[in-house]
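Work through the exercises below with the sequence and the model side by side, and try each task before you read its solution.

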Amino acid sequence: EMKACVLNSTAKIESNPLALADVPAPKPAGDQILVRVSACGVCRTDLHVIEAELPQRKMPVVPGHQVVGVVEKIGDEVKRFKPGDRVGIAWLHRTDGTCEYCRGGKENLCDNAAFTGYTVDGGYAEYALAAEQFTYPIPEGFPDEQAAPRLCAGIIGFRALRLSGIQHGGRLGFYGFGSAAHVAIQVARHWDIKVYAATRDERHQKLAMELGAEWAGGTLAEPPVKLDAAIVFAPAGEIVPAALKALKKGGTLALAGIHMTPTPPLDYNLLYHERIIRSVANNTRQDGEDFLRIAAEIPIRTEVEVYPLRDANRALDHLKNDAIRGSAVLRVNPAQG
């Protein structure tokens, strides 16, 4: 048996849809490892799953895909990890390895991918299963709670930085300044990129300035200079025209969310002059490995607000209402079994 926060049916987070329950602990087989969870990051994607903004895939489901813990047991084919290793489990749970996208080096677009905490049970629990080749070793020197937000906010923010095409010394806009942005700005500053943060919450504007932004203003405010590229982290389609307007000719706008409200009709003049809009979908294992290596080099500091597992509904409600500075993380302390 283990404790887990289970979603039995989708609902608005205000109605506390996650139920803390005793459920059977999973058993690893083949290439699977069983991880005793010590911390699990809380992500806006979890909110999209719970509130049915993403199509329902598995019910009931245990959400959570920024999992840090210790290997407890391993399946009989596992070679990479042994019991006692500290590891991280991320959103990309497994791919088929055979579709045209996997064969073409784009496993983030795999036709038959499984996703942690969405199509398979995730980390809002005392134990979670992962596939060996999709699990990351967590370097020493980061407490579990610090490491958890890197596994989605960090990796996706990093991929968004890459796909924005921003170069060293360039000017980059961030729209929304939550969990992913507060990690990505540290990578951007490390690469000598100037960051301009547009976000609706004053605490988030303040955090952006503390982390080295050149400017911070409201979500639709116009930055004081034209930008080489921009990333939209907030799930709000109405930001897209404002962000395009802030771009130089030839600039790229990367949309980092898995779900977004509809974008308003676009005036072609906003797109003209070879501006690009592109989405960022999932991540490859290479993104994860590259980001975790750079995060250790910098080193990245994540600002975390920690909640006990039983308060998962409350943590998600705070996330929805911009009440978290940095990242929310659930602390899971299972009994040693």
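**Exercise 1.** Decide whether Thr-95 is buried or exposed, and find which residues Thr-95 touches.

*Solution.* Begin with the relative accessible area of Thr-95, which is 11%. Buried means under 20%, exposed over 50% and partly exposed in between, with a 1.4 Å probe and protein chains only, and Thr-95 is therefore buried. Finally, leaving out residues up to four places away in sequence, Thr-95 touches Cys-102, Glu-107, Cys-110, Ala-113, Phe-134 and Arg-285, contact being heavy atoms within 4.5 Å.

The model is predicted, so local features need pLDDT of at least 70 and side-chain atom pairs count only at pLDDT 80 or more, while totals for chains, interfaces and linings use all residues. Residues are numbered from 1 along each chain as its sequence is written, and side-chain values use heavy atoms, with hydrogens and water left out.

**Exercise 2.** Explain why α4 is described as largely enclosed by the rest of the structure, and describe how α4 and α5 pack.

*Solution.* Count the buried residues first: 10 of the 11 residues of α4 are buried, so α4 is largely enclosed by the rest of the structure. Among them are Ile-155, Ile-156 and Arg-159. Then turn to the packing, in which α4 (residues 153–163) and α5 (residues 179–190) form an angle of about 55° with their axes 8 Å apart. The two helices are therefore oblique to each other, since angles under 35 degrees count as roughly parallel, over 145 as roughly antiparallel, 65 to 115 as roughly perpendicular and the rest as oblique. In the contact, residues of α4 including Gly-157 and Phe-158 meet residues of α5 including Val-183 and Ala-184. Just after α4, Gly-165 takes a positive phi of about 75°.

**Exercise 3.** Work out the order of the strands in the open sheet, and find which strands stand at the edges.

*Solution.* Reading across the sheet, the 6 strands come in the order β12-β11-β10-β13-β14-β15, with parallel pairing, where two strands pair if DSSP finds at least two bridges between them. Each of β12 (215–217) and β15 (276–279) has a single partner strand, so one side of each is left without a neighbour in the sheet, and these two stand at the edges. Within the sheet, 5 bridges join β13 (residues 227–232) to β14 (residues 247–255), and Leu-227 stands opposite Leu-247 in β14.

Note on methods
Axes fitted to C-alpha atoms, helices over the stretch in contact; angles between N-to-C directions. Helix = DSSP H or I, 4+ residues; strand = E, 2+ residues; numbered from the N terminus.
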